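Hi,

Here is the structure I promised to pass on. Have a look at it first, then read my notes below.

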Amino acid sequence: QYLPLLVALTSARKFKMNEFTALAIGMALIYPTLPGSLAALKEAGLDNVFGIPFVLPTAGSYLSTVIPAILATWVASIIEKNIRKVTPDVVKLFVVPFVTILVAVPLIFLVVGPVANFISDVLSNTFTAIMNFSPLLYGLILGATWQVLVMFGMHWAVVPLAIMQVASNGMSSILVPALLPNFTQTGVLLAIMLKTKESKVKTVSMPALVSSVFGVTEPAIYGVTLPMKTPFFISCAVSGVIGAATMFFNVTGYSVGGMGVFLYPSLVNPANGDMSGMIAAIILTVVAIVASFAIQMALPVPYLYGEPTEKKSVEE
């Protein structure tokens, strides 16, 4: 949930901005009492500046988001550079960060945040329209893009829809195509472990593989598959096919929560005990692992850290 801080820090390095100022702005985004404070301001009619309202994301906060933090840091870096140009050297140390935060934070909540919210709403409406048009196409697209959406924090455009559907109808299929992409990471990681000649990759892949089984894919994505590119693309492609298959077999979720091997109980219909959805999901899990494993085994595994250890030792 503190991802915006890490994003702000790395973005500050990219945009050549003071890292501590960026962290302060990131902290403003995830301030614990922010939702409650805005609610109180709204009741008092003070939730806007010059008619522009303070608006939070659909999820209710900026926790675990990426796009807002990147945009916020980018805007703040522009402000900081301009302030630095007109500030005397003798007071730059404290004036530049202070004025940057003073100007950037309100601007972020009034402009940058709503822009990010708009993007999320567009995604949400787009996915809903695709779902209504063709569930199979929806499953294919969401399954293939889910890992990318999570990387940028844009998955929150879909999650609230599932929560609302479960709350009102007791069931939802809108998130079902996103339930199994972690197992495609499991498959490619297993193949990478067997094929790679880099001992360090094998060391990193093992804990990442275990994490992926339990639904946590960040170690796999950021540590192995995304830097290698090809394994990540394989995972996304297989996830798309599996996502379409979940919609074809009418897999339905009856609660929101649980990832990896813990997701299956949420697919059992509590009204009549129907386990067909869970059984289909288990079968598709096996297919996801086997398919991604087989494809990666058939393709070369890119080097992540350079030449293989064995080759270097022979040359030495």
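N250 sits in the loop between helix 11 (230-248) and helix 12 (276-298). Helices here are DSSP runs of H or I with at least four residues, numbered from the N terminus (strands would be E runs of at least two). Most residues other than glycine have a negative phi. N250 counts as exposed because its relative accessibility is 58%; the cut-offs are under 20% relative accessible area for buried, over 50% for exposed and partly exposed in between, with a 1.4 Å probe and protein chains only.

Before you go further: this is a predicted model, where local features need pLDDT of at least 70 and side-chain atom pairs count only at pLDDT 80 or more, while totals for chains, interfaces and linings use all residues. Residues are numbered from 1 along each chain as its sequence is written, and side-chain values use heavy atoms, with hydrogens and water left out.

K16 also has a positive phi of about 55 degrees without being a glycine. You'll find K16 in the loop between helix 1 (3-14) and helix 2 (19-29). With 69% relative accessibility, K16 is exposed.

Now the salt bridges, meaning a side-chain nitrogen of Lys or Arg within 4 Å of a carboxyl oxygen of Asp or Glu. How many are there? The count comes to three:

- R13 and E19 meet at 3.1 Å, N to O, and E19 is partly exposed at 29%.
- R84 pairs with E80, their closest N and O atoms being 3.7 Å apart. The two are about one helical turn apart because they are four residues apart in helix 4 (residues 67-86). Is each one buried or exposed? R84 is partly exposed, with a relative accessible area of 35%, whereas E80 is buried at 2%.
- D89 and K92 meet at 3.1 Å, N to O. D89 is exposed at 62%, and K92 is partly exposed at 22%.

V111 lies in helix 5 (residues 92-133) and is partly exposed, at 36% relative accessibility.

One more pair to find: A237 and G143 are 94 residues apart in sequence, yet 8.2 Å apart in space, C-alpha to C-alpha. A237 belongs to helix 11 and is partly exposed at 48%.

Last, the inside. There are two cavities of 30 Å³ or more. A cavity is a set of points, on a 1 Å grid over the protein atoms alone, where a 1.4 Å probe fits but cannot get out; lining residues have an atom within 4 Å of a point. Points are joined across faces, edges and corners, and the volume is the space filled by probe spheres set on them. The second largest cavity holds about 30 Å³, and its lining includes V176, T246 and A281.

Happy exploring!

Note on methods
On a 1 Å grid over the protein atoms alone, a cavity is a set of points where a 1.4 Å probe fits but cannot get out, and a pocket is an open set with protein on both sides within 12 Å along at least five of seven lines; lining residues have an atom within 4 Å of a point.
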